[in-house]
Amino acid sequence: NVMKHVSGIPQLEKQLKNILHLSRVVIVPGNSDEQPWVKNEMGLTCVKVMESLITDNTVIAIMGGTTLAAVAEMMHPFKQSQKKPLFVSARGGLGEQVENQANTICAKMAEKADGHYRMLHVPDQLSEESYHSLSMEPSIRESLLLIQSAGMVIHGIGDAMTMAKRRRSSQELLDKIRKEHAVAEAFGYYFDQNGKVIHKVKTIGLQLEELNDERPVITVAGGKSKANAIEAFFKKGPDSVLVTDEGAAQQILQNN
Ligand code: F6P
């Protein structure tokens, strides 16, 4: 049983599952805020969960961030899969440093998993006008169809202010985040502690509404500093397998 390797700290996992109303939570020991290798442990655990969930539809949609980069770092070929996996970047680039962009991450995953990849060549944050014209480009439409057809989605969650600053967002957005108390960011959406969307960045790529119960979603996010963000996201977020660490888990438990 593959799962035996990935489940630690069973009691904590059960408690977190109930608090966040998720079907599955896997916790790795440590706090990735303070111990950098813990992020790689989450990465490896995510790879094992992916391996256990892969079906004939081997298209995997990938988001960006340093945690997803750690998943790529720890990637290896999937044992039970007959077909080679196809990693598709579910969002564009430029908002993040190259090594944290979905495009870079999915190319690296493909290399390490002995699979294929498909990038999404669009900027991450767009004006209304360019959004509409780019959405009509045949090559981009094709990528978007592929993303929508994905059998699995892997994404991270960030602290709202950390992400807004990392993306060099406008002063207006920074003010809005402060005023409306946004705590979480994922998929270009900013959420407050009740899970209410307070801002959405116009992005081409996978949208939160496109996640449904039919395909597995794996969320990888840890570190004590992300406790509020993780909790806020799952107030309204889709059911998923959460891969996190003890640092985040203990803090969420303390808050409840
Ligand atoms: O920018 C892509 C993204 O997935 C965000 O949606 C998320 O908030 C962030 O990365 C998480 O980044 P990190 O794993 O570095 O905290």
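This text describes a four-stranded sheet, the helices that pack on it and the largest pocket of a predicted model.

Residues are numbered from 1 along each chain as its sequence is written. In this predicted model, local features need pLDDT of at least 70, side-chain atom pairs count only at pLDDT 80 or more, and totals for chains, interfaces and linings use all residues, while side-chain values use heavy atoms, without hydrogens or water.

The open sheet has 4 strands in the order 6-7-8-9, with antiparallel pairing. Strands (E, at least two residues) and helices (H or I, at least four) are DSSP runs numbered from the N terminus, and two strands pair if DSSP finds at least two bridges between them. Strand 6 and strand 9 (197-200) are the edges; each has a single partner strand, so one side of each lacks a neighbour in the sheet. Strand 8 (189-192) is joined to strand 9 by 3 bridges, and Phe 191 has Val 197 of strand 9 as its bridge partner.

Helix 9 (171-179) packs on the sheet, in contact (heavy atoms within 4.5 Å) with strand 7, strand 8 and strand 9, and its direction makes about 170° with that of strand 9. Angles run from 0 to 180 degrees between N-to-C directions, with axes fitted to C-alpha atoms, for helices over the stretch in contact. Helix 10 (227-236) lies across strand 6, strand 7 and strand 8, at about 70° to strand 7.

The lining of the largest pocket divides into 8 nonpolar, 14 polar and 10 charged residues; Ala, Val, Leu, Ile, Met, Phe, Trp, Tyr, Cys and Pro count as nonpolar, Asp, Glu, Lys and Arg as charged, and the others, Gly among them, as polar. A pocket is an open set of points on a 1 Å grid over the protein atoms alone, where a 1.4 Å probe fits, with protein on both sides within 12 Å along at least five of seven lines; lining residues have an atom within 4 Å of a point. Elements that each supply at least two lining residues include strand 6 (158-159) and strand 7 (182-186).
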